[in-house]
Amino acid sequence: MPSGDPQAAQKAAAQQLEIRKQMRLVEEAILARTPEHDLQPSLDRIQAVMDLLGEPQRTFPAIHVTGTNGKTSTARIIEAVLREMGLKTGRFTSPHLHDIRERISIGGEPISREDFLDAYADVLPFVEAVDTKSVAEGGPRMTYFEVVVAVAYAAFAAAPVDVAVVEVGMGGAWDATNVIDAPVAVITPVDLDHQHFLGDSVLDIAGEKSGIIKADAIVVSAEQEEDVAEVLRERAEEVGARIVFSGRELGITARDVAVGGQQISFTSLAGEHEDLLLGLHGEHQAHNTVLAVSAVEAFVGGGEQRLSQDVLRPALEQVTSPGRLEIVRRSPTVIVDAAHNPHGARALAAALADSFTFTRLVGVVGILADKEATEILEILEPVLDHVVVTRTTSPRAMSPRALGAAAEEVFGEHRVTVVPELPDALDRAAELADDGGVGGGVLATGSVITAAEVRLLLGHGGEGEPARTLDRGAPAPVQDDGDAADILDDVFGDADED
């Protein structure tokens, strides 16, 4: 577009506005479907759409990632290393923080609105055909998550990508992403979560997650409880896959806290790596890195070729994982973390003790009503001097009164403040943190939604977008023409936090 051409500039602006409006309409249509936290366990519908589309998920190889926590960070590390090797990547993760397009990344950036709309237009006729057939047979329409998976696989095929890094939404065996045949599977630590869908025991959950292990694949697993490891080994043996475990064949050999992250040495699938700077905080991220590097070595060389330092150094230094132990403000320091279950809370508490030296740390905690609030609070109690309980915009949020009562049982009344509105809660936490002087800090956690909304309040937008501020009393737009409160209510109300 020639500079200084007002007509061309006006036309381009009008086109972008129209694209944004179309995107909003598509989001509303997807959100109108069964939300992803209300599952319809079956691969029949998504497989039918893939068949009608000509199986786009078969046009690219994939690395498939499951587990209870750490999936998104591990997927992002895998992708960073693959991109540093010069490969064009697709990445599918969930849930998103601010914009649905964050779930579908191509070449390290969220899919463009234009490409999202094109992929949606390609899959919509087949989604509608499957909807019609399913409803006629007494079944449901395709869910929110199933449709987004279909859009992602169509977009990856159209790009085309050299490799896709795919995070499951929940479980594994019947998760909609599992219509791929990935030659590499990654399993992060398995623990209790989503018992109402995955089973009441860790072994039941491990069985579901083992469903992503395919014939002749290489499986890279985190260190697991022995009975969980046995479930995974049995599945690998059943389908003829090779499985390796951190803590046995793989693992951290040295780790030190460093400016901007941590210095790590480790044994991966193909050999030793020494003195690498990882730009993420917490021992759990170091373990995620071992899995990620091993997965890439499995993918590119069958686990026989060690990745070079020239690839790993820039990839690990620059990798990010928004909403995961992320510093979003200084003076006072504000950290957001998406920990939403006991396993995630334990990793968070350990990372805070390991990587930060606050003189006073105040928590801003908002938890969804279907989560283990008391156990999460008990885990965080030793690392928080005071907790400000609140709620997010999600209709699934636990009420501040109920959460406050639970917090008082754990922390004692004198260490708990109840503030119903999140912006006010953040302000109050900052005031309380100031009592610790320059070493005071604020931690916002309890759900993905809490992390996302605090990011917005402090001016952090989605990836690839300029930062925006969520104004008090008058929410600002979030990558869209709609109000932040409306979008957050819609999107996060439907968000799964696996």
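This is a predicted model: local features need pLDDT of at least 70, side-chain atom pairs count only at pLDDT 80 or more; totals for chains, interfaces and linings use all residues.
Good morning. D275 is found in strand β11, which spans residues 271-278. Helices and strands here are DSSP runs, numbered from the N terminus, with at least four residues of type H or I for a helix and at least two of type E for a strand. Residues are numbered from 1 along each chain as its sequence is written, and side-chain values use heavy atoms, with hydrogens and water left out.

Let me stay with D275. Although D275 is not a glycine, it has a positive phi of about 50°. At 44% relative accessibility, D275 counts as partly exposed. In these terms, buried means under 20% relative accessible area, exposed means over 50%, and partly exposed lies in between, with a 1.4 Å probe and protein chains only.

A second residue of this kind is S331, again not a glycine, with a positive phi of about 60°. S331 sits in the loop between β12 and β13, and with a relative accessible area of 65% it is exposed. P332 lies in the loop between β12 (326-329) and β13 (333-336).

P95 is found in the loop between β2 (89-92) and β3 (104-106).

I turn now to charged pairs. Side chains of opposite charge can pair when their charged atoms come close. How many salt bridges does a search of the whole structure find? The search finds 21, where a salt bridge is a side-chain nitrogen of Lys or Arg within 4 Å of a carboxyl oxygen of Asp or Glu.

I shall present three of them. In one, D181 pairs with K214, and the closest N and O atoms are 3.7 Å apart. D181 lies in the loop between β5 (163-167) and β6 (184-187), and K214 in the loop between α7 (202-209) and β7 (218-221), so this pair ties together parts that are 33 residues apart in sequence.

Another salt bridge brings together the side chains of D191 and R346, at 2.9 Å from N to O. Because D191 lies in the loop between β6 and α6 (195-198) and R346 lies in helix α11, the pair ties together parts that are 155 residues apart in sequence. D191 counts as buried, with 18% relative accessibility, while R346 is partly exposed, with 38%.

In a further salt bridge, the side chains of R455 and E326 meet at 2.7 Å, N to O. This pair links distant parts of the chain, with R455 in helix α15 (residues 448-457) and E326 in strand β12, 129 residues apart. R455 is buried at 6% relative accessibility, and E326 is buried at 16%.

Helix α11, which holds R346, is our next topic. The helix covers residues 342-355, 14 residues in total, and reaches 20 Å from its first C-alpha to its last, close to the 20 Å expected at 1.5 Å a residue. That expected span is 1.5 Å times one less than the number of residues. How many residues of α11 are buried? The helix is mostly covered, with 10 of its 14 residues buried. Among them are P342, H343, L348, L352 and S355.

Two places remain. H414 lies in the loop between α13 (400-411) and β16 (416-421), and this residue is exposed, with a relative accessible area of 66%. The C-alpha atoms of H414 and V387 are separated by 9.8 Å, and the two residues are 27 apart along the chain.

Finally, E114 lies in helix α4 (residues 113-136) and is partly exposed, with a relative accessible area of 32%. On the surface, E114, D115, D118 and D122 gather in a patch of negative charge. Such patches are made of residues with over 30% relative accessible area and no salt bridge, like charges being joined within 9 Å and nonpolar side chains (Val, Leu, Ile, Met, Phe, Trp, Tyr) within 5 Å. Thank you for your attention.

Technical notes. Accessible areas come from the Shrake-Rupley method with a 1.4 Å probe; for residues, only the protein chains shown count as cover. Lys and Arg count as positive and Asp and Glu as negative; His and the chain ends are not counted. The place of a charge is taken as NZ of Lys, CZ of Arg, CG of Asp or CD of Glu.
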